[in-house]
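Open the model in your viewer and keep the selection panel at hand. The stops below go from the whole chain to single residues.

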Amino acid sequence: MDTASLANLIKSRRSIRRWQDKQVPEHLLVEAVDLATWASNAGNFQNWRFYIILNEKMRNAITDAVQASADKVASWPEAKKYGADAERWRQQVGFMRSAPAMIAVAVGEYQGLADKILAEREKHDPEARIMRESRTLPAPRIQSAAAAIAYLILVLQQMGLGTVWMTGPAQAKPEIEKILGVPSGLDFVALIPVGYPAETPKGQRKPVNEVCQIIR
Ligand SMILES: Cc1cc2nc3c(=O)[nH]c(=O)nc-3n(C[C@H](O)[C@H](O)[C@H](O)COP(=O)(O)O)c2cc1C
């Protein structure tokens, strides 16, 4: 693949929130997850798990849990104070229901060798504590999952499928983990509804010179 084709793939991907009423072949989703696992990841621990959810009952249960959680927040006086529009809030979640498939991502703990050394040392050395905290801040396990998800949505785009990478559903984390049977030690971090797109949203990005500094 030349750079122009790759650029076209990257730039033509948009978050999709409306899908055709058409099943997604299981083998495509498995292939996409397989390719996603080739992403760079901290320590090559690969301590992630991908749940391909084809079961409609389970998808509805997840959407219900996210909806209930969103409704609860919308009903709080704080939501009124900040001008949250309850109906708009509902729509922001409701679109998930029409997705013919979902992929949920969970990640396990990451503790590299340096983290273990620093955790022990920090008991009596404040410098080690600062080092350990500085290493924790970039959240390597989350960055690893994000790298895989970035691959995943691009591969699915190449397959003609539309996705939306969602972390909002994490608000209903306990309920979703229960529905999926996520084992303890793993944390649900993202949900990716998938289907054949029924919309073509326009993309928009800041010019690269606004976000990039060249240090010569
Ligand atoms: C980490 C992350 C979390 C996101 N969470 C949500 C979400 O909860 N709900 C949603 O509708 N979109 C979510 N999105 C999609 C973004 O809104 C979208 O990527 C952004 O507006 C840029 O649009 P584009 O993907 O079409 O380029 C998320 C994206 C990322 C990377």
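This is a predicted model: local features need pLDDT of at least 70, side-chain atom pairs count only at pLDDT 80 or more; totals for chains, interfaces and linings use all residues.

Residues are numbered from 1 along each chain as its sequence is written.

**Whole chain**

Show the C-alpha trace. Along its principal axes it spans about 60 × 50 × 40 Å. Switch to cartoon: there are 10 helices and four strands (DSSP runs numbered from the N terminus; helices are H or I, at least four residues, and strands are E, at least two). Along the sequence they follow the pattern α-α-β-α-α-α-β-α-α-α-β-α-β-α. Take the contacts between residues at least 6 apart in sequence: 83% join residues at least 24 apart (contact is C-beta atoms, placed from the backbone, within 7 Å).

**Helices H2 and H8**

Select residues 26-36 for H2 and 140-158 for H8. Their axes come within 8 Å and cross at roughly 140 degrees (axes are lines fitted to C-alpha atoms over the stretch in contact; angles run from 0 to 180 degrees between N-to-C directions). H2 is therefore oblique to H8 (under 35 degrees is roughly parallel, over 145 roughly antiparallel, 65 to 115 roughly perpendicular, the rest oblique).

Now show side chains. From H2, pick Ala32, Val33, Leu35 and Ala36; they meet Ala148, Tyr151, Leu152, Val155 and Leu156 of H8. By class, this contact has nine nonpolar, no polar and no charged residues (Ala, Val, Leu, Ile, Met, Phe, Trp, Tyr, Cys and Pro are nonpolar; Asp, Glu, Lys and Arg charged; the others, Gly among them, polar).

**Arg13**

Go to the loop between helix H1 (3-12) and H2, where Arg13 sits. Is Arg13 buried, exposed or partly exposed? It is partly exposed, because 17 other C-beta atoms lie within 10 Å. Leaving aside neighbours within four places in sequence, Arg13 contacts Ile153, Leu154 and Gln157.

**Ligand**

Last, select the residues around the ligand: Arg14, Ser15, Val164, Trp165, Met166, Thr167, Gly168, Pro201 and Gly203 (C-beta atom, placed from the backbone, within 6 Å). Colour this shell by class: four are nonpolar, four polar and one charged.

Methods: Two residues are in contact if their C-beta atoms, placed from the backbone, lie within 7 Å. A residue is buried if 20 or more other C-beta atoms lie within 10 Å of its own, exposed if 12 or fewer, and partly exposed in between; C-beta atoms are placed from the backbone.
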